[in-house]
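Work through the exercises below with the sequence and the structure open. Try each task before reading its solution.

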Amino acid sequence: MASRGEHLVRGDRGFITGHGLVGKLAAPAFKSMLDQWHDRLAVGGIDGHLPDGTRRRIGFHAPGPEAVVHLHSWTALARVAFSGSVGLYKAWEKGEWSAPDPVPLFALFMANAKTLGGTARAKGPARWLNAAAHALRDNGLVKARENIAAHYDLGNDFYAAWLDPTMSYSSARFDQSDDLEAAQLRKVDVLLDRLELKPGDRLLEIGCGWGTLAIQAAKRGVNVVGLTLSSEQQRFATEKVASNKLGNLVEIRLQDYRQISEQFDAIASVEMVEAVGQRWWPAYLDAVANNLKPGGRAALQYISIDHALFADYAASADFIQTYIFPGGMLIDEPTFASLAVERGLSWEGHEAFGLDYARTLATWRERYDAAVARGQLSDFSERFHRLWRFYLMYCEGGFRGGGIDVAQITMRKGAA
């Protein structure tokens, strides 16, 4: 009997992962990649234990992330050369490389992404074919629901096993003494404060998750319409609203942001725009502008990638897009902000807190491992657990390396 989540484990169907006879036969030739990495690692380095039994220090030209890596097969390098981070995961999943802690390696690659250039990215046919496979997951009205279901409908019990009681699946904002739940509520309150809401105001939340922000807003006397494409989230959030006796103030809809045409005093959206896809950024911002009253405010929390890296990132499909978030795309902030301004929306009050996301992800991984140890996730295979741990570590390393960031901003709609 197939276990839950196997569709994500098999998410690379139609993608090139660097496998095959040619890759295996050519693998020893890719030893030269280590020379390139040594020259191009501007900061940090790798303490490498190689398949031939030798040990090599790669990089270490300046302080930065330091990783210990055991390379068990030269094939791992071939996979990375062919398929970038997709191949990096596949090689790890197959035991072709290992590390006591992979997070510093991911942080190292991100911290040096500009100087490494194409040496750690998919290239040639793999780049083109993986980009084409990703394009087939484009977030049209039908495909968007399928893409969201692939990730968020793994089951409310799955997420409840390792998220905090708020069921917040986005970066928290920590104070030194915070536990995760308190930090998640702080994130929500800081975002709501940006909107300057008054009792009786009408708030639209695009991507309402499991309902925490809607409930916190309703506790301020605000009427909330929350949108989600996940039937699991809609069910959970509706029940949570009812248990808080806020059903008169909150409505959770199974509805696409492109299908709403109403007027709201304010709009909130937390880490939903990454699921939109670059082609649909204008439509997303049209929805904000068209549903917001003149003078109204919108507050966003979003994940962005360094503008200098975006073009190469967008030209292929990385590990996250292949296995975890089909149809996903991180934000290129300058482009996205420009599209907002074109629609009469300001772009102001930028606050970034990427290291808070790294801490959030590390905490999630601890909680996930504890849930697995307790037997709460026994419906999922060991391959799935390895995939999910890699995902959490990969993202944590990205934030620690600095090439991706999370931020909150405010957009105001000009008066009519």
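**Exercise 1. The nonpolar cores**

How many residues does the largest nonpolar core have, and which residues have the most contacts inside it?

Solution. The model is a predicted one. Step 1: the largest nonpolar core has 113 residues. Step 2: the residues with the most contacts inside this core are W97, Y284 and W388. Step 3: take W97 and leave out residues up to four places away in sequence; the residues that W97 touches then include V69, L71, W92, F106 and F390. Step 4: there is also a second, separate core of 24 residues, and L195, V241, A268 and A299 are among its members.

**Exercise 2. A salt bridge and its surroundings**

Find the salt bridge between R55 and D47, and decide for each residue whether it is buried or exposed.

Solution. Step 1: the side chains of R55 and D47 meet at 2.6 Å, N to O. Step 2: R55 has 60% relative accessibility, so R55 counts as exposed, because the cut-off for exposed is over 50%. Step 3: D47 has 11% relative accessibility and therefore counts as buried, as buried means under 20%.

**Exercise 3. Salt bridges between parts of the chain**

Which parts of the structure do the pairs R186–D175 and R389–D369 tie together?

Solution. Step 1: in the salt bridge of R186 with D175, the closest N and O atoms are 3.9 Å apart. Step 2: R186 belongs to helix α10 (residues 180–193), whereas D175 is in the loop between α9 (156–160) and α10, so this pair links parts 11 residues apart in sequence. Step 3: R186 is partly exposed at 30%, and D175 is partly exposed at 40%. Step 4: for R389 and D369, the closest N and O atoms are 2.6 Å apart. Step 5: R389 sits in helix α18 (residues 382–401) and D369 in helix α17 (residues 354–373), so the parts tied together are 20 residues apart in sequence. Step 6: salt bridges with shared partners join R202, E251, R253 and E262 into one network.

**Exercise 4. Strand β5 and its partners**

With which strands does β5 pair, and in which sense?

Solution. Step 2: β5 pairs with β6 (residues 223–228) in the parallel sense over 5 bridges. Step 3: β5 also pairs with β8 (residues 264–270) in the parallel sense, over 3 bridges. Step 4: follow E205; its bridge partner in β6 is G226, and in β8 E205 stands opposite A268. Step 5: β5, helix α11 (residues 212–218) and β6 form a right-handed β-α-β unit.

Key
Residues are numbered from 1 along each chain as its sequence is written. This is a predicted model: local features need pLDDT of at least 70, side-chain atom pairs count only at pLDDT 80 or more; totals for chains, interfaces and linings use all residues. Side-chain values use heavy atoms; hydrogens and water are left out. A nonpolar core is a set of buried Ala, Val, Leu, Ile, Met, Phe, Trp, Tyr and Cys residues joined through side-chain atoms within 4.5 Å. Buried means under 20% relative accessible area, exposed over 50%, partly exposed in between (1.4 Å probe, protein chains only). Contact means heavy atoms within 4.5 Å. A salt bridge is a side-chain nitrogen of Lys or Arg within 4 Å of a carboxyl oxygen of Asp or Glu. Helices (H or I, at least four residues) and strands (E, at least two) are DSSP runs, numbered from the N terminus. Two strands pair if DSSP finds at least two bridges between them. A crossover is right-handed if, with the strands pointing away from the viewer, the path from the first strand over the helix to the second runs clockwise.
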